Amino acid sequence: MELSVVVTLYNEEENIQPLLKAINSALTHYKYEIILVDDGSTDRTVAEVKQHADHRVKLVILNNNYGQTAAMASGIATATGDYIVTMDGDLQNDPTDIPFMLEKLKAENWDIVAGNRKNRKDGALLRKIPSKIANRLIRNLTGVTIRDYGCTLKVFRKETAKHLGLYGELHRFIPILAVMEGGRIVDVDVKHHARQFGTSKYGLGRTFKVMSDLLLMVFFKKYFRRPIHFFGPLGIVCFMLGSAISLYLLVLKILGNDIWGRPILILGITLILAGIQFLTFGLIAELIMRVYYESQHKTTYTIREIFTKSEAFELETAH
């Protein structure tokens, strides 16, 4: 199987028939499968898929509404294609962009080609402006410089997609997860359509979730393999400041001054305790990381390619 198209669905009953028609029309020159993941829909989404599905369609029905990340992970796990496409089921992504993205990935040896919704057909106040702010913030904090983190339309190599480690609501940060594993990513402009049927599942209410996940991603990208490098400096600085304050107060006490009840005394003790706590957190986190890697036989590196000259070439060169 060359290509697997993974589409996550939640209450998209009116979009099923035109979605399947659009994908089939766009991919006539490829051997492909369509994996539709129903994330606990409460409408007729499942019934519509069963009615309009052909031999290329696999329907994955989840027991509950687990969220887009879990639905996407289950679809990727089910995929058998050498290349995997992810896209939304609301008809806003255009399947006709897939061939160009796939050929670019093959020709230029990328691991991910991500879509950038150049002419986005969403409301400015609730969707486009918050998205631009979030994209700029993510780029600045992580150093991963694609333009549109919120576009679900992406093309992956199978090896990259299946090792993303999608948990929680981290589908927004797939580019960062991929880069953390050594993946190479590029973005291209893609078409975007206004929603015709159904209602959007996104709003300003997700802002705090995105910010929390962003903090997690920044920590993962910089300190996941060596957490002591984050907690250690914090602990040392706090401990040294607390020790300096305590030493100063000790000198005052020796000189006969009353130091009891001073706010600076409480600050000094608090800093010393905080320093010890941070150092302890760092050591515990290091131990946890060693257990994480060693118990599952994971490595702290990823080998992209091992190249050796063929024996025939070596013999020919020798003669």
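Author: One aromatic cluster is formed by Phe230, Phe231 and Phe281. Before going further, please keep in mind that this is a predicted model, in which local features need pLDDT of at least 70 and side-chain atom pairs count only at pLDDT 80 or more, while totals for chains, interfaces and linings use all residues. Residues are numbered from 1 along each chain as its sequence is written, and side-chain values use heavy atoms, with hydrogens and water left out.

Reader: OK, and how many aromatic pairs does a search of the whole structure find?

Author: The search finds two, where rings of Phe, Tyr and Trp (its six-membered ring) pair if their centres lie within 6.5 Å, and planes under 30 degrees apart count as stacked, over 60 as edge-to-face and the rest as tilted. In one of them, the ring centres of Phe230 and Phe231 are 5.0 Å apart with the planes at 80°, so this pair is edge-to-face. The rings of Phe231 and Phe281 have centres 6.1 Å apart and planes at 70°, so that pair is edge-to-face as well.

Reader: Where do Phe231 and Phe281 lie?

Author: Phe231 is in helix H9 (residues 228-254) and Phe281 is in helix H10 (residues 263-295), so their pair ties together parts that are 50 residues apart in sequence. Helices here are DSSP runs of H or I with at least four residues, strands are runs of E with at least two, and both are numbered from the N terminus.

Reader: Is Phe231 buried or exposed?

Author: Phe231 is buried, at 16% relative accessible area, where buried means under 20%, exposed over 50% and partly exposed in between (1.4 Å probe, protein chains only). Phe230 is partly exposed at 30%, and Phe281 also counts as partly exposed, at 43%.

Reader: Switching to the sheet, in what order do the seven strands come?

Author: The order is E3-E2-E1-E4-E6-E5-E7, in an open sheet with mixed pairing, and two strands pair if DSSP finds at least two bridges between them. E3 and strand E7 (185-190) stand at the edges with a single partner strand each, so one side of each is left without a neighbour in the sheet. From one strand to the next, the twist averages 20°, with axes being lines fitted to C-alpha atoms (for helices, over the stretch in contact) and angles running from 0 to 180 degrees between N-to-C directions.

Reader: How do E4 and E6 run?

Author: They run antiparallel, with four bridges joining E4 to strand E6 (residues 154-157), and Ile84 has Phe156 in E6 as its bridge partner. By contrast, strand E5 (residues 112-117) and E7 run parallel and are joined by six bridges, with Arg117 opposite Val190 in E7.

Reader: And how many residues of E2 are buried?

Author: In strand E2 (residues 32-38), seven of the seven residues are buried. Both faces are covered, with Tyr32, Ile34, Leu36 and Asp38 on one side and Glu33, Ile35 and Val37 on the other. In general, side chains of a regular strand alternate between the two faces of the sheet.

Reader: What does E2 pair with?

Author: Strand E1 (residues 3-9) pairs with E2 in the parallel sense over seven bridges, and Val7 has Leu36 in E2 as its bridge partner.

Reader: Then which residues in H1 are buried?

Author: They are Ile16, Leu19, Leu20, Ile23 and Ala26. These residues cover an arc of only 140° around the axis, which puts them on the same side of H1, the arc being that of the directions from the helix axis to the C-beta atoms. Lys21 and Ser25, on the other side of H1, are exposed.

Reader: What covers the buried residues of H1?

Author: The cover includes E1, E2, H2, E3, strand E4 (83-88) and helix H4 (98-108), with contact meaning heavy atoms within 4.5 Å.
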